[in-house]
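User: I am new to this structure and would like to learn how to read its features. Could you take me through them step by step?

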Amino acid sequence: MYSNDLPTSLCLKKLFQSDTYYKIPVYQRNYDWGKTQIQQLIVDINDFAKKDDVKKEESKGFYYVGSLVVHEKQGIYEILDGQQRFTTLTLIACYLKFRLPELFDWYEKTNLDFESRPISRSSLESFYQALSTPKESSGSASNDFLAAINALNIETLSPSMLNGIKVIDSVITDIFTDTKNDEAFKNFAEYLLKQVKILRVSVPANTDVSHYFEVMNNRGEQLEKHEIVKANLLSAVQNNVHDMATIQTIWLACSDMSRYAQTRFSVAERKKIFEDNYEGFKFNNFNNLRDAIYPKVANDNSAPKNSIGSSSESTSKESRITFSLEASLKLGQKVTVNNGNESNDDDDGREERFTSVIDFPNFLMQVLRLYVKNNSTDELPPLDDKALIGSFKMHIGDDAKKAKLFVFTLLKYRYLFDRFIVKREKTGGKGEDWSLKHYKFGKNGSSYVNTFSRLDDSEADNDSCLMLLSAFHVSYPTNSSKNWLSAVLYWLDQQDKPVSSEAYLGFLKDLAKAFMVNRYLTAEPQDYPHFIYTIDKVNSEVGVKSETEILASVNYAKGFLRYGQVRLFVFNYLDYLLWKDRGSSTDSIAAYKSGFRFSMNNSVEHFSPQTPKANEKLGPAALHSFGNLCLLTSSDNSSLSNDGPEQKAKILNARRKIMAPLSLKLELMLKQADAWSKSAEESAITIQEHETQMFRVLADNLNLSIDAEL
């Protein structure tokens, strides 16, 4: 299908050279990348840039962002595959030319065109021109960028491309300090130009490109990465039809993350695997689980009903079949284990009422990491699903024993995930809310009840666990960054008795403290795997503390919680601490705490702005201090960035009925918006007082000593 010419490996500077032109054909879909895809691309590149930063120039490695399938036609490359990535990289190049013009003085024009899409073409040209024209700086690169973009005629711009370039600004501003001279930002840009590569693959000149595109995108047999992994697992046990059917049955149950896995088994299977009330997990190995699903396999060679093979065809203890991918994918889909006398229960688990905090490919990476940790001394695999196929090939391969152990581990961790990990739940006309529930079966049928709702457990603890888990999730929204989930699943698996609410809440508190101590309040942050699996002081009054006692005073902590350094988890953990002390009649924001829930506030904002419209500008010490920082959504951050505190308070209060609950730290700031709006000197005092109040909350929880002058 491809040309005999070797693929061309191009660095981005070479890709964007002005004498080579690319065009996106009319039959391609419009640009539609959003924040998730753009953020993942930038974060991945930056992660590799940081790894290579310590290497000598001659030993730096390349980072490949994928392939670009093209068809050369009259000196122009038509893009058949990779147009979303190419368009995003072009938008990034336009943005970086604005932020770092000295590194992009060679970038004289864009080399991407759109067939029969004048708005897309003019949008790219408008962005390039607006961001290439020198302007007087306001002191804030992000504000200067927004000013340049907002000056354009929005009616002439593609909404998706406009959103894309704004997302690029938001993501880069969040990762790096808002300073053009920031060394890490320059290193990232230089790495992007020199070390990031794309593989350009040409199809033969006589290819019917429209047909190629249709086949490439619509053929039903095209498999995703996790389906390839399943095929490899099935291939490893292809000599035993019952093993294959069991793997397929478990896989089908676990792969739908919008439902509890228990509801994906037949009623009889649930009772055999999860006990009569579905609340306990019975087995400790794959073979026993298999024999429970197919009870005759222990005594004879009969194959599961509706699967490949039958007892009359079996000639040995293990039913031997000819393996094919098509056959293996059918196994387990219609398996029955009773005579049809048992009725199915009408549980609403069959409705997609739950939204998981992670997708299935990344859940597989979570399980594989814990499988490796529990069964070998190998280096732990990453949590990024881009490494899915390679990681499974390395750690499982074609070993049948490993394949069966992994699939058993998958079901065990999925059971723990369903029971103990927070989810979004549809609540009818009320929209969505967080839930921490487990699935059970009783006299009146199946239902979902709070995970900790028995008489010996506290409903209040269930709420506290829910709040801490959701705080972790919104702080690390990308699937590959959910190290907290790996730590929680590992701890749950280590418990040798039913998990109580007291023990679970104690662990979650200790895990949160460990994140603060080992990641955010230290000059030498530890890698997550070095500390998240060794948190054993469950429900300790003292809490987790580092061996070197790095937290000597609040003043020490201040240096790590300034703008450009403080991360989302610090704000969300502080909000949890503020929430848990609810109930006091003297609490100035008590009314907001009862309805508070964590949401995706993913942008760190200055309450008193960097470039105020009216107020006197604060000095850098107060401006960038933790006391003047708050969390907002990216859209609110963009629309309110230059408004003063009183105006922000007015706008946000007016929006309350149509927006998620605000951060509790921000609620405290809104209460004092008038004090924030006075002279720079008076505002600085208010900011200092608020910061000290917030640090006292953290210091009391983390057992820090408070400097006498505070």
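Predicted model: local features only at pLDDT ≥ 70, side-chain atom pairs only at ≥ 80, totals over all residues.

User: What share of the contacts in the protein with a separation of 6 or more comes from residues 24 or more positions apart?

Analyst: Such residues account for 74% of those contacts.

User: Next, strands. Which strands are joined to β3 by bridges, and how do they run?

Analyst: For a pair of strands, look at the direction and at the bridges. Strand β3 covers residues 63-73 and runs parallel to strand β6, residues 196-202, with six bridges joining the two. One place to look is Tyr64, whose bridge partner in β6 is Lys197. Strand β4, residues 76-81, runs antiparallel to β3, and five bridges join this pair. There, His71 stands opposite Glu78 of β4.

User: Now helices. At what angle do α10 and α12 pack?

Analyst: For two helices, read the angle and the distance of the axes, then the residues in contact. Helix α10 (residues 241-255) packs against helix α12 (residues 286-293) at about 90 degrees, and their axes are 10 Å apart. Angles of 65 to 115 degrees count as roughly perpendicular, so that is the term for α10 and α12. On the α10 side the contact is made by His242, Asp243, Thr246, Ile247 and Ile250, and on the α12 side by Phe286, Leu289, Arg290 and Ile293. These contact residues divide into five nonpolar, two polar and two charged.

User: How do the axes of α9 and α15 cross?

Analyst: The steps are repeated for this pair. Helix α9 (residues 225-236) and helix α15 (residues 388-395) have axes that come within 9 Å and cross at roughly 20 degrees. An angle under 35 degrees counts as roughly parallel, so α9 and α15 are described that way. Their crossing is right-handed. Lys225, His226, Ile228 and Val229 of α9 make the contact with Leu388, Ile389 and Phe392 of α15.

User: How do the residues of the contact of α9 with α15 divide?

Analyst: They comprise five nonpolar residues, one polar and one charged.

How values were computed
Residues numbered from 1 in each chain as written. Heavy atoms only, no water. Pairing = 2+ DSSP bridges. Helix = DSSP H or I, 4+ residues; strand = E, 2+ residues; numbered from the N terminus. Axes fitted to C-alpha atoms, helices over the stretch in contact; angles between N-to-C directions. Parallel < 35°, antiparallel > 145°, perpendicular 65-115°, else oblique. Contact = heavy atoms within 4.5 Å. Nonpolar A, V, L, I, M, F, W, Y, C, P; charged D, E, K, R; others polar. Left-handed = near helix turned anticlockwise from the far one by under 90°.
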